[in-house]
Amino acid sequence: MDGSILVEALHGKGINVRYLGKLATMLSTVPQLQYLKRIAVSELILRSAKHIFTFYMQGTELMSLSAAISHFLNCLFSSAQIIHPQQNLEELQSKTAKRRNKRKGRNNGPQQSEVEWASLTPKSLWQQIKADLKSYYDWETPCPESLDATIEHFHLQKISLLRNFCIKTGIQILLREYNFENKNRATFFEEDILNIFPVVKHINPRASDAYNFYTTGQSKIQQGYLKDGYELISEALNLLNNVYGAMHPEIAQCLRMLARLNYIMGDHGEALATQQKAVLMSERVNGIDHPYTITEYIRLALYSFANGQVSVSLRLLYRARYLALLVCGEDHPEVALLDSNISYEY
């Protein structure tokens with residue numbers, strides 16, 4: 001449903017992200033997978049934008065960080081004719097110089113890298129993104145005029161792009177309605193940038209014994225031995241709790257599988273209780289708008305319907321649909337599936 005899950009799927013198959021451009025080109029020939037091509041293209045654009053964002057932010061003075069981030073976001077997403085903040089440039093330079101002079105006792109002016117972001121324009125940013133896409137991913141957009149033209153060509157959503165970009169770069173912005181289409185007013189302001197968090201690459205450790213129990217349980221289920229599979233996955237859940245503690249994505253995955261087995265074996269009440277735990281855990285460890293959390297909502301809606309809670313089930317489906325629209329937009333198979341489930345319940 002989004003770029004992070006696509007990258008996870010690529011890594012699961014041993015494919016590096018640098019081949020994402022090749023994947024996007026191959027997907028162009030398959031009409032049924034145009035939704036997947038859109039996800040790949042948005043991931044390409046945002047990863048190149050992140051490379052440039054990191055370069056600009058590394059030399060930025062801390063006091064002007066929110067102004068720099070809001071200006072970068074305006075250059076990237078806003079349709080307004082952005083005028084780079086030259087009127088504030090002298091003020092920023094003087095503030096930066098004063099801070100350094102106070103700290104070091106010298107009278108040198110600000111370094112160029114500390115105010116370089118202020119000269120960025122939407123056109124120059126797009127040129128840098130195109131160059132990065134070609135050099136790093138060997139991919140060229142069919143609409144090289146502007147980012148807006150590319151977004152329109154591939155039917156991308158700016159709100160989905162903004163969400164993914166903030167997750168990739170660790171930016172926390174104010175929760176409000178952002179108008180991207182206003183030609184006369186900038187979309188982002190300094191006050192909209194609340195915080196910025198470090199995003200650290202790491203490899204999650206794996207509980208090997210629990211993983212072996214889980215995969216063995218899956219194979220038992222595929223062979224039709226549901227009770228044996230249930231016992232093995234329950235044992236995997238106990239081991240995961242001992243290794244990771246109360247909250248972990250793999251524990252949520254285990255709970256989802258147990259809820260599904262309860263549903264298949266006819267214990268709908270237990271399936272509902274277990275799936276509620278899976279939903280709460282996925283919200284905490286993955287995020288409230290993560291594709292895995294959306295899947296948990298859909299499963300919970302199914303089990304609620306099986307227990308006769310039709311109104312609760314509808315509310316859960318609408319919640320899942322709202323989040324799916326935010327993540328991937330209308331033109332996605334998962335949204336079509338949600339719509340069919342909602343119409344069935346009506």
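Reply: Helix 3 and helix 7 are roughly antiparallel to each other, a class that covers angles over 145 degrees. The axes of helix 3 (residues 34-58) and helix 7 (residues 147-154) cross at roughly 165 degrees and come within 10 Å. Here axes are lines fitted to C-alpha atoms, for helices over the stretch in contact, and angles between N-to-C directions run from 0 to 180 degrees. Helices are DSSP runs (H or I, at least four residues), numbered from the N terminus. The crossing of helix 3 with helix 7 is left-handed, meaning that the near helix is turned anticlockwise from the far one by less than a right angle.

This is a predicted model, in which local features need pLDDT of at least 70, side-chain atom pairs count only at pLDDT 80 or more, and totals for chains, interfaces and linings use all residues. Residues are numbered from 1 along each chain as its sequence is written, and side-chain values use heavy atoms, with hydrogens and water left out.

The loops on either side of helix 7 deserve attention. Most residues other than glycine have a negative phi. Aspartate 138, in the loop between helix 6 (122-137) and helix 7, has a positive phi of about 55 degrees. Aspartate 138 is partly exposed, at 37% relative accessible area; buried means under 20%, exposed over 50%, and partly exposed in between (1.4 Å probe, protein chains only). Histidine 155 lies in the loop between helix 7 and helix 8 (158-169). The phi of histidine 155 is also positive, near 55 degrees, and this residue is exposed, with a relative accessible area of 61%.

Conventions:
Helix = DSSP H or I, 4+ residues; strand = E, 2+ residues; numbered from the N terminus. Parallel < 35°, antiparallel > 145°, perpendicular 65-115°, else oblique.
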